[in-house]
Amino acid sequence: MSGWCKQWLWGGLLLAGTVTALAAEPVVVPEGNFEHPVLLDRERRTEWVASFRVDARPVSREDYAAFVEAHPHWRRSAVAGLFHDGGYLRGWSSDVSPDGAPEAPVVQVSWYAARAYCEAQGGTLPSLVQWEYLVDLIRRLNGLSDDDYANAVFAWYGEQRPAAFEDRALGLSGFIGPVNEWLEDYQLLLANGDRVDFGGGSCGDTGRLILRYDSAHYATLLRYQMRSNHAPETTASNLGFRCVYP
């Protein structure tokens, strides 16, 4: 089935439910200029990012349990196989009862499911630019050095160890661990796939896409490459999400 058909079906399923607002008050992110660290578009290196609001933390198991209770078509036993790879909410003891700490980030959710949740809250998944702008802003406002940032990224992907730094400026949590996060347009990373193989290319093939050759930019390129491994049906034990709002 084509991606367009899946989008149409997904939209119809969402409209059948009611809106639920569960997350804590979102954090307002100030507007600003964003310098693209990875040059996916050779003609655009900087971009102005308008102010937006974002969930202070990744969506929790408790949040998501309330969502599936209110939207039965997104329960584990009812969700259409088109929208996940077979691992959707694996580990939950029942359709609406997640195992483990209720405040922990929800995982084992596909891009379709994460998107449906955010739309039910009146938001969307973050765009690539919004999420990367946030990471850059957090680094600058909290005085995080390039090496500290790079070490946190490499530790997360090498050992699945959450970053040791905290955001004291905006009050956001969860960036660079404890989970990777879905983005609305993550698939755009493959838009130049006929010219660049993000997943299988050598360091020389992909390294030329970064703006500067330092530890921080290589760490960011690693995060971009890891996103390219996902399909919209992907569910994983280290993949969650948060929402953004106008």
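Q: Why is Arg223 called buried?
A: This is a predicted model, and in it Arg223 has a relative accessibility of 3%. Buried means under 20%, so Arg223 counts as buried.

Q: Where is Arg223, and which residues is Arg223 in contact with, leaving aside neighbours within four places in sequence?
A: Arg223 lies in helix 7. With those sequence neighbours set aside, Arg223 is in contact with Trp131, Glu132, Val135, Tyr149, Val153, Tyr157 and Ile176. Contact here requires heavy atoms within 4.5 Å.

Q: What makes helix 5 roughly parallel to helix 7?
A: The axes of helix 5 (residues 146-159) and helix 7 (residues 215-227) cross at roughly 30 degrees and come within 8 Å. Angles under 35 degrees count as roughly parallel, and therefore helix 5 is roughly parallel to helix 7. The crossing of these two helices is left-handed.

Q: Which residues of helix 5 and helix 7 meet?
A: From helix 5 come Asp146, Asp147, Tyr149, Ala150, Val153, Phe154 and Tyr157; from helix 7 come Ser215, Ala216, Tyr218, Ala219, Thr220, Leu222, Arg223 and Met226. Sorted by class, the contact of helix 5 with helix 7 has 10 nonpolar, 2 polar and 3 charged residues.

Q: Why is helix 4 called roughly antiparallel to helix 7?
A: Helix 4 and helix 7 pack at about 150 degrees, and their axes are 13 Å apart. Angles over 145 degrees count as roughly antiparallel, so helix 4 is roughly antiparallel to helix 7. The crossing of helix 4 and helix 7 is right-handed.

Q: Which residues of helix 4 and helix 7 meet, and how do they divide by class?
A: Leu128, Trp131, Glu132, Val135 and Arg139 in helix 4 meet Ala216, Thr220, Arg223, Tyr224 and Arg227 in helix 7. The contact of helix 4 with helix 7 divides into 5 nonpolar, 1 polar and 4 charged residues.

Q: What makes helix 2 roughly perpendicular to helix 3?
A: The axes of helix 2 (residues 61-70) and helix 3 (residues 111-120) cross at roughly 80 degrees and come within 11 Å. The range from 65 to 115 degrees counts as roughly perpendicular, so that term applies to helix 2 and helix 3. Asp63, Tyr64 and Phe67 in helix 2 meet Ala113, Ala116, Tyr117 and Ala120 in helix 3. By class, the contact of helix 2 with helix 3 has 6 nonpolar, no polar and 1 charged residues.

Q: Why do strand 1 and strand 7 stand at the edges?
A: The open sheet has 3 strands in the order 1-4-7, with antiparallel pairing. Strand 1 (27-29) and strand 7 (244-245) each have a single partner strand, so one side of each is left without a neighbour in the sheet.

Q: How do you know that strand 1 and strand 4 pair?
A: Pairing needs at least two bridges, and strand 1 and strand 4 (residues 52-54) have 3, in the antiparallel sense. Val28 stands opposite Arg53 in strand 4.

Q: Which helix packs on the sheet?
A: Helix 4 (residues 128-141) does, touching strand 1, strand 4 and strand 7. The direction of helix 4 makes about 80 degrees with that of strand 4.

Q: How many helices and strands does the protein have, and what share of its residues count as buried?
A: The protein has 7 helices and 7 strands. Of its 246 residues, 48% count as buried.

Technical notes: Residues are numbered from 1 along each chain as its sequence is written. This is a predicted model: local features need pLDDT of at least 70, side-chain atom pairs count only at pLDDT 80 or more; totals for chains, interfaces and linings use all residues. Side-chain values use heavy atoms; hydrogens and water are left out. Axes are lines fitted to C-alpha atoms, for helices over the stretch in contact, and angles run from 0 to 180 degrees between N-to-C directions. A crossing is left-handed if the near helix is turned anticlockwise from the far one by less than a right angle, and right-handed if clockwise. Ala, Val, Leu, Ile, Met, Phe, Trp, Tyr, Cys and Pro count as nonpolar, Asp, Glu, Lys and Arg as charged, and the others, Gly among them, as polar. Buried means under 20% relative accessible area, exposed over 50%, partly exposed in between (1.4 Å probe, protein chains only).
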